[in-house]
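Try each task before reading its solution.

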Amino acid sequence: MALYAVLGATSWGTTLAWLLSQNGHEVLLVVRSPEEVREVGARRGIARLPEVELPASVRPCLPGEIPTALAGVVVAVPAQSVRDTVSAGAISRSVPVLSAAKGLEHGSRARMSEVFAACGWSPRLGAALSGPNLAHEVARGLPAAAVVACPDETLARRWQEALSGSRFRVYRSTDVVGVEVAGALKNVIAIAAGAAAGLGFGANTMATILTRGLAEMTRLGVALGADPLTFQGLAGVGDLAATCFSPLSRNRRLGELVAGGLSPSAAQDEIGEVVEGISTAPVAVDLGRAHGVELPIAEQVAEALAGRVSVLGALAELLGRSLKPEASGRGAVLD
């Protein structure tokens with residue numbers, strides 16, 4: 001079959017390497033140090049994902065060992081590390097590249113496909129994977145689905161076929177903007193949902209946050225050129241629901257811990273892995289302001305994470321906003 005490289009032995013990166021191997025592909029799991037090569041090789045996986053035992057067809061390696069002849073590269077590191085990661089190895093810019101990261105880059109406010117383009121890839125070769133894909137559930141073989149978006153539908157189909165299996169169904173799309181914006185912003189909304197859970201609020205509150213959060217995601221996506229229907233699919237409401245409601249969600253867990261009195265940094269230390277919503281919240285707010293889009297939930301999450309308002313104060317700000325219609329015209333979603 002084909003040879004793929006997965007950059008990052010994260011929980012999701014390791015799971016994606018395993019999924020590719022299940023379809024008969026050879027996979028290079030690219031890690032940061034010789035020590036990590038030895039650890040992943042000896043364990044045949046990573047400690048924080050005991051559900052996966054990597055087969056012999058998955059080989060850990062260093063960035064300098066990546067060959068030029070690849071069917072594709074999957075980037076599965078946190079969003080703030082994507083630029084440095086794809087620049088570290090001698091990866092051919094003619095190889096299709098797929099982002100499995102769900103975030104927005106600080107400073108540039110770039111989506112991951114835009115980072116790829118800035119690093120030398122043709123926009124046609126940049127793709128994004130998103131959906132309700134909690135790594136531990138996928139690794140256990142529990143049924144799940146995702147969507148892969150690429151401007152080139154032939155490449156989208158290739159990624160779809162490479163990753164789909166009997167328990168993991170992949171759909172395809174050409175709306176890269178929508179899939180990336182949805183994947184990034186759902187983490188911010190999930191922090192708010194976690195905070196509500198941490199305060200002991202009920203299903204009404206959670207449903208309100210999810211619904212109004214979806215409206216925010218959609219408004220920003222449309223302003224950036226996305227198809228609003230993307231937000232009704234797996235990358236939008238699907239991923240949002242899983243991330244808001246599952247106890248496996250790091251973003252939801254962070255919200256719970258902050259509502260319980262921990263600082264964001266202490267909460268992330270307790271979780272032990274990167275929580276993408278922390279970095280994404282202020283970038284999303286900046287993007288919204290740059291495009292004239294109000295993101296009230298994201299704004300209050302960013303304020304609370306920065307320590308400028310308490311969780312209860314953020315809730316009061318949201319509930320105290322001026323009264324408005326829910327929607328206007330044919331499907332337009334207001335703030």
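Predicted model: local features only at pLDDT ≥ 70, side-chain atom pairs only at ≥ 80, totals over all residues.

**Exercise 1. The cavity**

Find how many cavities of 30 Å³ or more the model has, and describe the lining of the largest.

Solution. 
- Start with the count: one cavity of 30 Å³ or more is found.
- Take its volume next. The largest cavity holds about 70 Å³.
- List the lining. Among its residues are Ser 99, Lys 102, Met 112, Leu 129, Val 179 and Glu 180.
- Trace the elements. Strand 6 (126–130) and helix 7 (176–198) each give at least two lining residues.
- Sort by class: five lining residues are nonpolar, four polar and two charged.

**Exercise 2. Helix 12**

Check the span of helix 12 (residues 276–290), then work out what its buried residues pack against.

Solution. 
- Helix 12 has 15 residues, so at 1.5 Å a residue it should span 21 Å.
- Its end C-alpha atoms lie 21 Å apart, which agrees.
- Now pick out buried positions. They include Glu 276, Thr 280, Val 283, Val 285 and Leu 287.
- The buried residues of helix 12 pack against helix 7, helix 8 (203–223), helix 10 (250–259) and helix 13 (296–305).
- Look past the helix: Gly 292 follows, with a positive phi near 70°.

**Exercise 3. Thr 218**

Decide whether Thr 218 is buried or exposed, and find its partners.

Solution. 
- Locate Thr 218: it sits in helix 8.
- Its relative accessibility is 9%. The cut-off for buried is under 20%, so Thr 218 counts as buried.
- Follow the side chain of Thr 218. It reaches the backbone oxygen of Leu 214 at 2.8 Å.
- Set aside neighbours within four places in sequence. Thr 218 then contacts Pro 228 and Phe 231.

Notes:
Residues numbered from 1 in each chain as written. Heavy atoms only, no water. 1 Å grid on protein atoms, 1.4 Å probe; cavity = no way out; pocket = protein on both sides within 12 Å on 5 of 7 lines; lining within 4 Å. Points joined across faces, edges and corners; volume = space filled by probe spheres on them. Helix = DSSP H or I, 4+ residues; strand = E, 2+ residues; numbered from the N terminus. Nonpolar A, V, L, I, M, F, W, Y, C, P; charged D, E, K, R; others polar. Expected span 1.5 Å × (residues − 1). Buried < 20%, exposed > 50% of the residue type's maximum accessible area, 1.4 Å probe, protein only. Contact = heavy atoms within 4.5 Å. Polar contact = N/O pair within 3.5 Å; in protein donor to acceptor, adjacent residues only side chain to side chain.
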